[in-house]
Amino acid sequence: MTTADLVRLEAVTHQRGPTAVLSEVSLALPPARLAVLAGRSGSGKSTLLHLVAGIMAPTRGEVTVADKAATTVHDWGQVALLPQRPALTPELTVAENAHLPARLRGRDPDPELLTRLGLDALAARPAHDTSLGEQQRTALARTLVLNPAVALLDEPTAHQDDEHVALVLSALTAAVAAGTLVLVATHDQRIIDLADDLLPLRSGRLLEQPAP
Ligand SMILES: Nc1ncnc2c1ncn2[C@@H]1O[C@H](COP(=O)(O)OP(=O)(O)OP(=O)(O)O)[C@@H](O)[C@H]1O
């Protein structure tokens, strides 16, 4: 590990009732990387993302973001999460949802963000009148709108057709180029093929450490 590491897990075990859904996971990830958590359904990918998001604390071990306990980081510009279910505000428009973190800070969002995710034509439509794939891309835009230090993306291509997968992949690589550590949980080989660090999880255990 180096001081440049942005996200660290040290000997993290997480129990759900009597079951350890993550066991002794250690990893360290620097900025400006695409790190991909790959593993079968139930292997612990979402749980690991939620621990880095600080939504819950690990049963044992430490999860830090920029050397602070992840549960104490409440800054969307530092750590932003795309959950598996998009969780938009249904009565707000696509643009209002996507831009909300920027507006709350009095910042002007990148005008190209919606265009890059193929959402231009839908910008003024209430989120509840859009498809699941469109909602997912809107939530992805909301995740990236502040250029966060860490973007946690749970199955970001799950509801996308091939054409829109290409847009999502471009958004991920653009975020990495802008300095974001993008940590993705996915089964999608198209994302796995782009990974700087591949983190295979099996039954809650990390099979390989990322290369130093
Ligand atoms: N609230 C809960 N209570 C008990 N067990 C849970 C709970 N949430 C998740 N689990 C279990 O924890 C394990 C890991 O779940 P997790 O959602 O992290 O897996 P995943 O790899 O993201 O799966 P998927 O690819 O299907 O989303 C699974 O066996 C799941 O059943």
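Biologist: How do the residues of the shell around the ligand divide into nonpolar, polar and charged?

Modeller: Please keep in mind that this is a predicted model. The shell around the ligand holds 8 polar residues, with 2 nonpolar and 2 charged ones. The residues surrounding the ligand are Arg16, Gly17, Val21, Gly39, Ser41, Gly42, Ser43, Gly44, Lys45, Ser46, Thr47 and Ala185.

Biologist: Which helix gives the most to the shell around the ligand?

Modeller: Helix 1, residues 45-53, does so, with 3 residues.

Biologist: Arg16 and Gly17 are among the residues around the ligand. Where do they sit in the chain?

Modeller: Here one reads a hairpin. Strand 1 (residues 7-16) and strand 2 (residues 19-29) pair in the antiparallel sense, over 7 bridges. Arg16 stands opposite Thr19 of strand 2. The hairpin has 2 residues between the strands, and Gly17 takes a positive phi near 60 degrees there.

Biologist: To which sheet do these strands belong, and in what order do its strands stand?

Modeller: In the present case, 4 strands form an open sheet in the order 2-1-4-5, with antiparallel pairing. Strand 2 and strand 5 (68-69) are at the edges with a single partner strand each, so one side of each lacks a neighbour in the sheet. Strand 5 is joined to strand 4 (residues 60-65) by 2 bridges, and the two run antiparallel. Val65 has Lys68 of strand 5 as its bridge partner.

Biologist: What is the order of the strands in the sheet of 6 strands?

Modeller: That open sheet has the order 6-7-8-3-9-10, and its pairing is mixed. Its edge strands are strand 6 (79-82) and strand 10 (205-206), each of which pairs on one side only. A parallel pair within the sheet is formed by strand 7 (residues 150-154) and strand 8 (residues 181-186), over 5 bridges. In that pair, Ala151 has Val182 of strand 8 as its bridge partner.

Biologist: Which strands does helix 4 lie across, and which does helix 5 lie across?

Modeller: Helix 4 lies across strand 6 and strand 7, and it runs at about 175 degrees to strand 6. Helix 5 (residues 162-177) lies across strand 3 (34-38), strand 7 and strand 8, running at about 150 degrees to strand 8.

Biologist: At what angle do helix 4 and helix 5 pack?

Modeller: The angle is about 5 degrees, and the axes are 12 Å apart. Helix 4 is therefore roughly parallel to helix 5, as angles under 35 degrees count as roughly parallel. Gly133, Arg137, Leu140 and Leu144 of helix 4 meet His164, Val168, Ala171 and Ala175 of helix 5. By class, this contact has 5 nonpolar, 2 polar and 1 charged residues.

Biologist: How far apart are the axes of helix 2 and helix 4?

Modeller: The axes of helix 2 (residues 94-104) and helix 4 (residues 132-144) are 6 Å apart, and the helices pack at an angle of about 25 degrees. This angle makes helix 2 roughly parallel to helix 4. Their crossing is right-handed. Helix 2 contributes Val94, Asn97, Ala98, Leu100 and Pro101 to the contact, while helix 4 contributes Thr138, Ala141 and Arg142.

Biologist: What classes of residue does the contact of helix 2 with helix 4 have?

Modeller: The contact has 5 nonpolar, 2 polar and 1 charged residues.

Methods
Residues numbered from 1 in each chain as written. Predicted model: local features only at pLDDT ≥ 70, side-chain atom pairs only at ≥ 80, totals over all residues. Pairing = 2+ DSSP bridges. Near = placed C-beta within 6 Å. Nonpolar A, V, L, I, M, F, W, Y, C, P; charged D, E, K, R; others polar. Axes fitted to C-alpha atoms, helices over the stretch in contact; angles between N-to-C directions. Parallel < 35°, antiparallel > 145°, perpendicular 65-115°, else oblique. Left-handed = near helix turned anticlockwise from the far one by under 90°. Contact = placed C-beta atoms within 7 Å.
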